[in-house]
Amino acid sequence: MDVVRFGEDRHEFFDSETYLRSYFKGEHCIEYNEFSLRCFQEFWSEIGNTNLRVLEFGGGPTICNLITAAPYVKEIIFAEYTEKSRREVQKWLEKSPDAHDWSLHFKFVVETLEGRNSEDVKIRECELREKISHILACDINWQDPVQWPSSCEVHSFDVVTTSLCLEACVTSSEGYRHAIAKLKTFLKPGGFIALYGVLGETFYMVGQEKFYCFPLSKELVEETLINEGFKTRGEMKIRSWGRNANCDANGFFFLSAVLLP
């Protein structure tokens with residue numbers, strides 16, 4: 001019988017380097033990540049505001065969905081559950097020789113999506129490194145889901161983003177509602193939440209390890225946001241995805257919403 005990992009199992013069994021190699025490296029990586037990169041590029045360009053404070057919640061070992069954010073923000077707080085994944089992000093910030101190479105993602109976003117040049121790619125990398133001010137531990141099951149330093153302004157974020165996170169942390173519709181309710185507390189009135197995730201998924205693989213996922217539906221995500229006082233911004237974007245040995249998702253989704261005053 002397959003062992004399905006969940007919760008605290010991730011501290012021991014979620015191998016961040018294997019995850020990055022599997023989904024964010026090689027010729028296939030842009031094809032796999034293009035949907036999220038395009039969605040976040042559209043999100044930030046539509047908002048258009050600058051000097052924003054952003055909380056990236058449950059970012060894993062990845063920074064690619066923040067590439068477009070850099071010109072619009074003054075600060076990004078990066079929160080992540082496992083120490084291994086936080087270490088991967090820290091290595092990239094410090095330009096460690098063994099840090100993951102995100103150059104293909106930067107090139108795709110800055111040159112292909114934004115129509116800029118190779119010099120702008122280098123500038124964007126520096127800019128994102130400067131904007132990530134803290135890398136913090138988090139757990140959606142804590143009463144306060146982020147381990148804040150005393151110097152941080154907690155309930156004053158303009159944007160909360162989360163990618164492929166909440167569905168891996170909850171086991172029920174009610175748990176998902178509680179997760180959104182907790183993230184809502186970090187936003188200013190009129191602030192935005194941007195969700196990127198999977199629909200209908202019950203598991204995903206990282207190397208030989210199998211991890212649990214709560215199967216979200218389009219209706220559950222939309223209804224939860226509305227019930228928690230958000231107004232969705234347009235239709236949910238969905239990219240269909242054929243089930244395979246690595247996961248059984250029906251598709252990926254992106255949806256953003258504004259917190260009503």
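The legends below describe close-up views of one predicted model.

Residue numbers start from 1 along each chain as its sequence is written, and side-chain values use heavy atoms, with hydrogens and water left out. In this predicted model, local features need pLDDT of at least 70 and side-chain atom pairs count only at pLDDT 80 or more, while totals for chains, interfaces and linings use all residues.

**View 1. The largest nonpolar core has 55 residues.**
A nonpolar core is a set of buried Ala, Val, Leu, Ile, Met, Phe, Trp, Tyr and Cys residues joined through side-chain atoms within 4.5 Å. Buried means under 20% relative accessible area, exposed over 50%, and partly exposed in between, with a 1.4 Å probe and protein chains only. Trp 44, Ile 63, Trp 92 and Leu 128 have the most contacts inside this core. Helix α3 (residues 29–47) gives the core its largest share, 10 residues. Helices (H or I, at least four residues) and strands (E, at least two) are DSSP runs, numbered from the N terminus. Another core, of 36 residues, lies apart from the largest one and includes Val 154, Phe 157, Phe 230 and Leu 259.

**View 2. Leu 128 is shown with its contacts.**
Contact means heavy atoms within 4.5 Å. With neighbours within four places in sequence left aside, Leu 128 touches Ile 63, Leu 66, Ile 67, Ala 70, Ile 76, Trp 92 and Phe 106.

**View 3. Phe 14 and Phe 211 form one of the 22 aromatic pairs in the structure.**
A pair of aromatic rings is described by the distance of the centres and the angle of the planes. Rings of Phe, Tyr and Trp (its six-membered ring) pair if their centres lie within 6.5 Å; planes under 30 degrees apart count as stacked, over 60 as edge-to-face and the rest as tilted. The ring centres of Phe 14 and Phe 211 are 5.6 Å apart and their planes stand at 70°, so this pair is edge-to-face. Phe 14 sits in the loop between α1 (9–13) and α2 (16–23), and Phe 211 in strand β8 (residues 209–212), so the pair ties together parts that are 197 residues apart in sequence. Phe 14 counts as buried at 8% relative accessibility, and Phe 211 counts as buried at 0%. Both residues belong to one aromatic cluster, whose members include Tyr 19, Tyr 204 and Trp 241.

**View 4. Phe 43 and Trp 44 form an edge-to-face aromatic pair.**
Their rings are 5.2 Å apart centre to centre, with 75° between the planes. Phe 43 is buried at 1% relative accessibility, and Trp 44 is buried with a relative accessible area of 1%.

**View 5. The largest pocket holds about 780 Å³ of space.**
On a 1 Å grid over the protein atoms alone, a cavity is a set of points where a 1.4 Å probe fits but cannot get out, and a pocket is an open set with protein on both sides within 12 Å along at least five of seven lines; lining residues have an atom within 4 Å of a point. Grid points are joined across faces, edges and corners, and a volume is the space filled by probe spheres set on the points. The pocket is lined by 46 residues, and Phe 14, Tyr 19, Leu 164, Ala 168 and Tyr 204 lie nearest its centre. By class, 23 of the lining residues are nonpolar, 16 polar and 7 charged. Ala, Val, Leu, Ile, Met, Phe, Trp, Tyr, Cys and Pro count as nonpolar, Asp, Glu, Lys and Arg as charged, and the others, Gly among them, as polar. The largest share of the lining, 4 residues, comes from α3.

**View 6. The largest cavity has a volume of about 40 Å³.**
A search of the whole structure finds 1 cavity of 30 Å³ or more. Its lining residues include Thr 162, Cys 165, Glu 167, Tyr 176 and Phe 253. The elements giving two or more residues to this lining are β5 (157–163) and β6 (187–199). The lining divides into 7 nonpolar, 2 polar and 1 charged.

**View 7. Helix α8 (residues 218–227) has buried residues, among them Thr 224.**
The buried residues of α8 pack against α7 (173–184), β6, β9 (230–232) and β11 (251–259). Thr 224 counts as buried at 5% relative accessibility. Beyond its neighbours within four places in sequence, Thr 224 is in contact with Tyr 176, Arg 177 and Ile 180. Just after α8, Gly 229 has a positive phi of about 90°.
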